[in-house]
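Subject: Handing over the structure

Hi,

Here is the structure I said I'd pass on. Have a look at it first, and then read my notes below.

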Amino acid sequence: MATKVYIVYYSMYGHVEKLAEEIKKGAASVEGVEAKLWQVPETLSEDVLGKMGAPPKSDVPAITPKELAEADGFIFGFPTRFGMMAAQFKAFLDSTGGLWRTQQLAGKPAGIFYSTGSQGGGQETTALTAITQLVHHGMIFVPIGYTFGAGMFEMEVVKGGSPYGAGTFAGDGSRQPTELELEQAFHQGKYIASITKKLKGTC
């Protein structure tokens with residue numbers, strides 16, 4: 001039976017979604033792993049999103065708590081809001097009380113990726129504050145550490161991400177994930193999928 005890795009994300013302007021797509025490619029490159037993209041439900045109205053200049057959502061399906069429980073491992077992604085995950089993703093996690101009561105996610109590995117507006121905008125705090133959600137569910141946080149190698153030490157160009165996970169900078173919205181940031185996202189997907197597969201194999 002295939003190891004299921006769910007890449008679950010919220011993306012308002014598309015930056016997190018681009019990372020998610022690359023993470024899926026990385027996870028799917030591991031033999032025996034089935035990787036799937038999911039969005040969390042939007043909490044803002046179409047009218048509000050329009051006024052914020054948000055583009056239409058992609059056709060990636062919205063996940064429910066029940067579907068979340070089907071996965072063997074997770075990689076969660078979201079933009080930052082004042083150094084923490086966006087409210088839309090928090091709202092989804094707040095709806096997983098039933099899974100928490102039964103600890104259906106306990107022991108399952110989970111990674112985190114993110115997008116911030118600037119270099120001081122929460123590349124580490126967004127991930128750090130999100131870990132509390134994993135802890136209460138009993139999930140195992142899997143950082144990428146420095147397994148990305150030389151790419152972790154790039155100093156000549158602006159690069160998002162950290163030992164916590166892959167990341168990008170959105171700036172005013174016009175900046176898109178760079179090739180190096182996408183490579184790091186691919187690496188994270190492959191790395192966490194490999195660990196998920198190993199953990200499932202020992203159960």
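Some ground rules first. This is a predicted model, so to speak of local features I need pLDDT of at least 70, side-chain atom pairs count only at pLDDT 80 or more, and totals for chains, interfaces and linings use all residues. Residues are numbered from 1 along each chain as its sequence is written, and side-chain values use heavy atoms, with hydrogens and water left out.

**The core**

The largest nonpolar core has 31 residues, and those touching the most other members are Val8, Ile63, Leu68, Phe74, Phe76, Phe89 and Ile112. By nonpolar core I mean a set of buried Ala, Val, Leu, Ile, Met, Phe, Trp, Tyr and Cys residues joined through side-chain atoms within 4.5 Å. Buried is under 20% relative accessible area, exposed is over 50%, and partly exposed is in between (1.4 Å probe, protein chains only).

At least two residues of this core come from each of strand 1 (3-9), strand 3, helix 4, strand 5 (109-116) and helix 6. Helix 6 gives the most, with four residues. Helices (H or I, at least four residues) and strands (E, at least two) are DSSP runs, numbered from the N terminus.

Take Val8 as an example: leaving out residues up to four places away in sequence, Val8 touches Trp38, Val40, Ile63, Leu68, Ile75, Phe76, Gly77 and Phe89. Contact here means heavy atoms within 4.5 Å. There is also a second, separate core of 21 residues, which includes Leu37, Val60, Ile75 and Ala193.

The buried residues in helix 6 are Thr126, Ala127, Ala130, Ile131, Gln133, Leu134 and His137. An α-helix has 3.6 residues a turn, so residues three or four places apart point the same way. The cover over the buried residues of helix 6 includes strand 3, strand 4, helix 4, helix 5, strand 5 and strand 6 (140-141). After helix 6 comes Gly138, with a positive phi near 80 degrees.

Grid points are joined across faces, edges and corners, and a volume is the space filled by probe spheres set on the points. As for classes, Ala, Val, Leu, Ile, Met, Phe, Trp, Tyr, Cys and Pro count as nonpolar, Asp, Glu, Lys and Arg as charged, and the others, Gly among them, as polar.

The largest pocket has a volume of about 250 Å³. It is lined by 14 residues, of which Met152, Glu154, Lys159, Gly161 and Phe169 are the closest to its centre. That lining divides into seven nonpolar, four polar and three charged residues.

The second largest pocket comes in at about 190 Å³. Of its 16 lining residues, Tyr13, His15, Pro79, Ser115 and Ala170 are the closest to the centre. Helix 1 (15-28), strand 3 and strand 5 each supply at least two residues of the lining, with the largest share, three residues, from strand 3. Here the classes are five nonpolar, nine polar and two charged.

**Single residues to look at**

Phe82 sits in the loop between strand 3 and strand 4 (84-85). Its phi is near 55 degrees, a positive value in a residue other than glycine, and Phe82 is exposed at 88% relative accessible area. Gln103, in the loop between helix 5 (97-102) and strand 5, also has a positive phi, near 50 degrees.

Lastly, Lys197 is in helix 7 (residues 179-202) and is partly exposed, at 34%. Not counting residues up to four places away in sequence, Lys197 touches Thr3, Val30, Glu31 and Val33.

Cheers

Conventions:
On a 1 Å grid over the protein atoms alone, a cavity is a set of points where a 1.4 Å probe fits but cannot get out, and a pocket is an open set with protein on both sides within 12 Å along at least five of seven lines; lining residues have an atom within 4 Å of a point.
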